[in-house]
Amino acid sequence: MKKFAKSRFNFLSLALLALSASANAQQYDLLDLSAQPLNNEVCATCHGGAGVGNASVGGPSLAGLEPWYLRKQLENFRAGIRGTQKEYIPGNEMQASVARLSDEEISELVDHISNWEAVAPKPRIEGDASKGQALYAACAACHGASGDGNEALGAPGLAGRNDWYMFRQLKLFQSGFRGKHPEDTAGQLMRPAAQALENDEAINDVLAYINTL
Amino acid sequence: MKKIVSRRELLGLIAKTGASGAVLGAGNALGIVPNTYVDIPQIPQANPSDRPSVVILGAGISGLTAAYEMKKAGYHVVVLEAAGRAGGRSLTVRHGDLIDEVGNPQICEFDDEPHMYFNCGPARIPSSHRNVLHYCKELGVELEVFINENKETYIQDDAMLDGKPIKNREFTTNARGFMAEIMAKNFTNAELDEPFDEWETEALMRVIRNMGDLSEDMIYKGSTRGGYSHGGFLEHGHALETIALRDLLKTGLFSMALGQNEGETGPILFQPVGGMDQIVKGFLRQLPEEVFYNVMVTSVMLQDGGVEVVYEHKGMKYKIEADYCFNSIPSHLMTGIENNFPDDYREAMHYIRRGEAYKSAFQAKERFWEKDDIFGGISWTNQPIEQIWYPPHGMYKEKGVILSAYNYGGGMHFTQLTQEERIETALRQGEKVHPNYRNLVEKGITIAWHRMNHMLGCSARWQKSRSGFTQEEERLFQTLRKPAGNHYTIGDQITKHTAWQESAILSAHWAINDMLSRKAGGSMPGQRV
């Protein structure tokens, strides 16, 4: 182990030194909220550094999401098609976060997030992947045999997504908190599919299989 | 149908309640309300040619404390802060300030005056919080007395007296009067193991009589202590009408009305003159070059004898390596940041739930409460706003900032409302305490800590049960408090008394002391168990 005596401060970039001047001057014009830059710092608070997801606050990984799906969900949240049920707090938070976005801002966000490097999430759920493989046959019809999704059917890729998040979404689909809205056509298709999974064990099994994809 | 309880049965019930009260009292003596002492870590001065380096994540009270103390000892210190300001939850807003709620950013429109501020997070410093007071003194932060309890404020409950607000003094006087009467009756009939002698009996009866302002026959017949209906100076004072105990019992606000002057909220409390963030500014005066803002940490990696932190700033990535990392990032956000912490450490971080506290405030066009003899203090209501706070500063100025809601435990009710709904709810509920409230206040601001950017939560919630830490929770707590490599988790989140600035300071002291004791012992191979 390294001796403590040696100093190890090592900045990769000296640009850091230039930051301190602007740092204290965080001034906002009264009521001019448009002066705030739209940036990924807001996303990263919930969705984790580099968009890897954070189960503690219910923010799923964004890195690696298909741009079309990202856009659709941002629009759904903005329109209140998703996230308006008070019972599901993370959805609520997401809804409020994007409610004021313009079309251009959504496009910027989609472009920006699409550039994030996909990171394979750590599995959090334990299940029987071999049992899950049999159950997945029904999912494969829309989401693809290798879980890479199908835009024409509105079915996102599942491989590389957070299993804990998919668990929650399956439960939300089952209970009707997601997929019940008349304008959520893809969600309406997903609802009966989620209900076909009989219990939490079945959900865990199918997610364990998806984790292998 | 209501069950009628006889006086004797009532006394039996009270005796039972008294027993649990005594247990609670003993609990306080045993440290539920902790007393702290000032014991600033004594850090040996670093050799200028070989300064230890420390990267501190988060410029809240714990991070600033750590930075300040270690800088004093000659360490090379850098503080990385995600927000555009320092302070964390120690946030004071004034004219033009941003309230950075995700999805609901607000700009404070209060008049631009020194006394027109709102403490969105901590707002009072108990006199037992000696470390906060120590730093106020050392950093030149001027203090004034904070008024927490004021008997001229109101108690309002929809279930009591048809929802009519009554002054706390009326409530307290009547409640104490009836309770004293019951005690007197109970005492004379009691069979005590060791009966008092005649002198002691008389002394005790005098105390009880005095406590409740009872008549000579030890009956409560009303008291002028609750206030006069008329007279009092040039004419004889006439007591307000007595309120029946039966009516008082309809509210659950008894402990709020009677108990605020005890424990941590009891006198004396302090506040910094000009806002709680004067403490933050005091620290920053000593750290003019060390704090960097708008920095999003994306990875914290333990290394052999050090820590590597990667962060983003304005679209660029940076890496910084240091001997030590003191990390106050809320545990529920840290779980979303890449790291190589041990599994049990991560498990502990994931366990802690985030607090839901909510506060809101208005600018009052006039200090209407002062016309009602209210100068500081808190009115209590059973409605979701729960509390109305009157500023203990700026007396007799034209305007003031009034706290219009404070929900510490379950703030989601307000958090889930839109800004307009939050303001309207505060107006509608405040009107029940102060008629015409709606027309007297303006420019409302709301702080839903659950949605504040870079925080997403108020103080950490460790316990799932009110009865204390479970063994499992204790294990997780101890795991997270220990260093992981040269990384320390700090902040009030890693104390047994979350939410207080005192706790944040003590967490930093604890980590520094642990670091020093490891240094003194030399760096041993393997992991501490």
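Mentor: The axes of helix α3 (residues 130-139) of chain B and helix α8 (residues 277-286) of chain B come within 10 Å and cross at roughly 55 degrees. This is a predicted model, in which local features need pLDDT of at least 70 and side-chain atom pairs count only at pLDDT 80 or more, while totals for chains, interfaces and linings use all residues. Residues are numbered from 1 along each chain as its sequence is written, chains are lettered from A and ligands numbered from 1 in the order in which they are written, and side-chain values use heavy atoms, with hydrogens and water left out.

Trainee: Which residues of α8(B) make the contact with α3(B)?

Mentor: Contact means heavy atoms within 4.5 Å. From α3(B) come Val132(B), Tyr135(B), Cys136(B) and Leu139(B). Those of α8(B) are Ile279(B), Gly282(B), Phe283(B), Arg285(B) and Gln286(B).

Trainee: How do α2(B) and α8(B) lie to each other?

Mentor: Helix α2 (residues 61-72) of chain B has an axis that comes within 10 Å of that of α8(B), and the two cross at roughly 30 degrees. α2(B) and α8(B) are therefore roughly parallel.

Trainee: How many nonpolar residues are in the contact of α2(B) with α8(B)?

Mentor: Ile61(B), Leu64(B), Thr65(B), Tyr68(B) and Lys71(B) in α2(B) meet residues of α8(B) that include Ile279(B) and Phe283(B). Ala, Val, Leu, Ile, Met, Phe, Trp, Tyr, Cys and Pro count as nonpolar, Asp, Glu, Lys and Arg as charged, and the others, Gly among them, as polar. By class, the contact has two polar residues, one charged residue and, for the nonpolar class, seven.

Trainee: How many helices and strands has chain B, and what share of its residues is buried?

Mentor: Helices (H or I, at least four residues) and strands (E, at least two) are DSSP runs, numbered from the N terminus, and chain B has 15 helices and 27 strands. Buried means under 20% relative accessible area, exposed over 50% and partly exposed in between, with a 1.4 Å probe and protein chains only. Of the 529 residues in chain B, the buried share is 56%.

Trainee: Is Ala99(A) buried, partly exposed or exposed?

Mentor: Ala99(A) lies in the loop between α4 (89-98) and α5 (103-114) of chain A. Because its relative accessibility is 37%, Ala99(A) counts as partly exposed.

Note on methods
Axes are lines fitted to C-alpha atoms, for helices over the stretch in contact, and angles run from 0 to 180 degrees between N-to-C directions. Angles under 35 degrees count as roughly parallel, over 145 as roughly antiparallel, 65 to 115 as roughly perpendicular and the rest as oblique.
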